[in-house]
Amino acid sequence: MLFSQDIGIDLGTANTLVFVKGKGIVIREPSVVAIDQRFNPPRVVAVGSQAKEMIGRTPGSVVALHPIQNGVVADFDATAEMLRRYIKKASGGSLFNRARIMVCVPSGVTEFERRAVNDAVKSAGAKYISIIESPLASAIGASLPVTGATGSMIVDIGGGTSEVAVIALKDIVTSLSIKTAGDDMDEAIINYVKRKYSILIGERTAEDIKIKLGSAFEYEEEGAMNVKGRNLVDGLPLNIEITSQEIREALSDTVQQIVDAIRTTLENTPPELAADIMDNGITLCGGGALLRGLDKLIEQELNIPVEIADNPIDCAVDGTGVCLEKKL
Ligand code: ADP
Ligand code: MG
């Protein structure tokens, strides 16, 4: 049976979300692909959370990789295969050859990078493809008043990139994308623990610490947690206790870079629109928006009200949904 289906995709560095018109968000999976290198070309053995589980604990020939890096396609074949599997799953495994797919790309990607996304989606089975810049999609998903002449600011903190954009009249007026985001927070935690305690922790442990304990500003239930790592001195496993204050210190440089990106964008915004933002505030989205106290810190440093979008991780894909359902 042939039928048409409208699908929205947020192809993020950390997570891929898929929206199907009439159904809502049907897929939210990490953007990870596990490939077996014994084959030529390498064979995809798992995608998504199944593949993520394999990071750091795969047998020799199987490697788990992030096909999207800093918001752009780093491994074309792996991206296309991951999309193919998600699109098939999203459409209930049915045969379709008339899918209309809207996909988000970061603002400021080159024509070449945009084409790579387009081609990957196409080779995954789409017939009609439209591309939307992700800050615009996120602003729509966060229900900001994008169609009016009033300026709004959206800050999307993902895994590989943080994107700051000022939007008015359904267009991006000023934007800045920096390669500092959630992954760098994890790395900062790894480096901090290595420097201070001579202990090596893995990527996933670092992310876990960030989510359970991380903050950008003092908060009420400060605490501590036990962390397992490998002692760099004798190579043996070791447990240490780490506090929320220590993690805040570890994250402070990364967080500051994000604040600076917002400041720079404001400086480059036409005065009338900057005035709108001073009044109406800044909206945060993306997984990084969930870092405790980030809103407070930005508010304090820039003296502008800050709000976290409802469902910050879903904003971009929700925005494609609104567009596909022609509610805008
Ligand atoms: P992308 O758009 O790049 O795929 P996402 O918007 O899905 O990224 O956000 C992923 C990032 O958000 C990851 O770095 C993840 O660790 C981080 N993240 C998720 N939940 C939290 C949380 N509660 N606190 C801090 N960071 C978080
Ligand atoms: Mg994103």
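Biologist: Hi! Which helix gives the largest share of the shell around ligand 1?
Modeller: That's H6, with three residues. Keep in mind that we're looking at a predicted model.

Biologist: Good to know. Which helices each supply at least two residues of that shell?
Modeller: Helix H5, covering 182-197, and helix H6, covering 203-213.

Biologist: And which residues come nearest to the ligand?
Modeller: There are 16 residues around ligand 1, and the nearest are Ala14, Asn15, Gly159, Glu207 and Lys210.

Biologist: What does Glu207 do there, in terms of distance?
Modeller: An N or O atom in the Glu207 side chain lies 2.6 Å from an oxygen atom of ligand 1.

Biologist: What about the backbone of Ala14 and of Gly159?
Modeller: For Ala14, a backbone N or O atom is 2.8 Å from a ligand oxygen. Gly159 has a polar backbone atom 2.8 Å from an oxygen atom of ligand 1. As for cover, ligand 1 has 590 Å² of accessible area on its own, and the protein covers 88% of that.

Biologist: Nice. How many of the shell residues are nonpolar, polar or charged?
Modeller: Nine are polar, four are nonpolar and three are charged.

Biologist: Changing topic: how do strands S2 and S3 run?
Modeller: They're antiparallel, with six bridges joining S2 (residues 15-20) to S3 (residues 24-30).

Biologist: Which residue in S3 is opposite Thr16?
Modeller: Glu29 is the one facing Thr16.

Biologist: And how many residues sit between the two strands of that hairpin?
Modeller: Three, and Gly22 in this hairpin takes a positive phi near 90°.

Notes. Residues are numbered from 1 along each chain as its sequence is written. Chains are lettered from A and ligands numbered from 1 in the order in which they are written. This is a predicted model: local features need pLDDT of at least 70, side-chain atom pairs count only at pLDDT 80 or more; totals for chains, interfaces and linings use all residues. Side-chain values use heavy atoms; hydrogens and water are left out. A residue is near a molecule or strand if one of its heavy atoms lies within 4 Å of it. A polar contact is a pair of N or O atoms within 3.5 Å; within protein, one must be able to donate a hydrogen and the other to accept it, and residues adjacent in sequence count only if both atoms are side-chain atoms. Accessible areas come from the Shrake-Rupley method with a 1.4 Å probe; for residues, only the protein chains shown count as cover. Helices (H or I, at least four residues) and strands (E, at least two) are DSSP runs, numbered from the N terminus. Ala, Val, Leu, Ile, Met, Phe, Trp, Tyr, Cys and Pro count as nonpolar, Asp, Glu, Lys and Arg as charged, and the others, Gly among them, as polar. Two strands pair if DSSP finds at least two bridges between them.
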